Amino acid sequence: MNSSTNVLIFISFFFLSFTGNLNLVDASDTASVILNSGNFEQLVMQSKDVWFVLFGAPWCLYVKQLKPEWDKASKALEGKVKFGELDCDVENDIQARFGVTGFPTVFAFGPDKCAPPTGLTERTADALENAGLSYYDKAQGCKMEF
């Protein structure tokens, strides 16, 4: 490779990592889904599943600190509780809809989407897993007709 190719590769990686479009984390380390205005209604609101949704921003230190715990819990609860992440820098309408003013904000959406979501304060994988199992167990007794 010549030096201009090296520069081009460096600039490409720099740009992609700066804009957040380069995921350097192995996708198998998380079961969390990226949510946006194109899929939020269908995946979360029209679903009978329990969802934990992380409202945040990629620049937020507290979101970055939560992310490894979030990913660990999402893998542990795979098949029971769905996990999703919403970038509030991009998805302002959804952020405003749920009154999110600080990051990270985590909401639990139960099977009854008519009920308001419940705010969660858990910030460790173990606590998220315990809360998720509690919501999952409660949801097993719910029969929701859509």
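Leaving aside residues up to four places away in sequence, Val81 touches Val50, Phe52, Gly132 and Tyr136, where a contact means heavy atoms within 4.5 Å. The model is a predicted one, in which local features need pLDDT of at least 70 and side-chain atom pairs count only at pLDDT 80 or more, while totals for chains, interfaces and linings use all residues. Residues are numbered from 1 along each chain as its sequence is written, and side-chain values use heavy atoms, with hydrogens and water left out.

Val81 belongs to strand E3. With a relative accessibility of 4%, Val81 counts as buried; the term buried denotes under 20% relative accessible area, exposed denotes over 50%, and partly exposed lies in between (1.4 Å probe, protein chains only). Between Val81 and Gly132 there are 51 residues of sequence separation, yet their C-alpha atoms lie 6.2 Å apart in space.

The protein as a whole contains 5 helices and 5 strands, these elements being DSSP runs numbered from the N terminus (helices H or I, at least four residues; strands E, at least two). Their order along the sequence is α-β-α-β-α-β-α-β-β-α. Of the 146 residues in the protein, 36% are buried. When contacts between residues at least 6 apart in sequence are considered, 73% of them join residues at least 24 apart.

Strand E3 pairs with strands on the basis of DSSP bridges, at least two being required between two strands. Strand E1 (residues 32–35) and E3 are paired in the parallel sense over 4 bridges, and Ser32 has Phe83 as its bridge partner in E3. Strand E2 (residues 50–56) also runs parallel to E3, to which it is joined by 7 bridges. Within this pairing, Leu54 stands opposite Glu85 in E3. The chain passes from E2 through H3 to E3 in a right-handed β-α-β crossover; the term right-handed applies if, with the strands pointing away from the viewer, the path from the first strand over the helix to the second runs clockwise. Because 5 of its 7 residues are buried, E3 is largely enclosed by the rest of the structure.

Charged side chains were examined next. Side chains of opposite charge can pair when their charged atoms come close. With a salt bridge taken as a side-chain nitrogen of Lys or Arg within 4 Å of a carboxyl oxygen of Asp or Glu, the count comes to 5 salt bridges. One of them joins the side chains of Lys67 and Asp71, with an N to O distance of 2.5 Å. These two residues are 4 apart in helix H3 (residues 61–76), and they are therefore separated by about one helical turn. Lys67 is partly exposed, at 23% relative accessibility, whereas Asp71 is buried, with a relative accessible area of 9%.

Lys67 also forms a salt bridge with Glu85, for which the closest N and O atoms are 2.9 Å apart. This pair links distant parts of the chain, as Lys67 lies in helix H3 and Glu85 in strand E3 (residues 81–87), 18 residues apart. Glu85 is buried, at 13% relative accessibility. Through shared partners, the salt bridges join Lys67, Asp71 and Glu85 into one network.

The protein averages a pLDDT of 81, and 76% of the residues score at least 70. Over residues 4–26 the pLDDT stays under 50, and the model has 6 contacts beyond four places in sequence for this stretch. The pLDDT is also below 50 over residues 142–146, a stretch with 7 contacts in the model beyond near neighbours in sequence. Where pLDDT is low, the predicted coordinates should not be read in detail.

Definitions and conventions:
pLDDT is the predictor's confidence in each residue, from 0 to 100.
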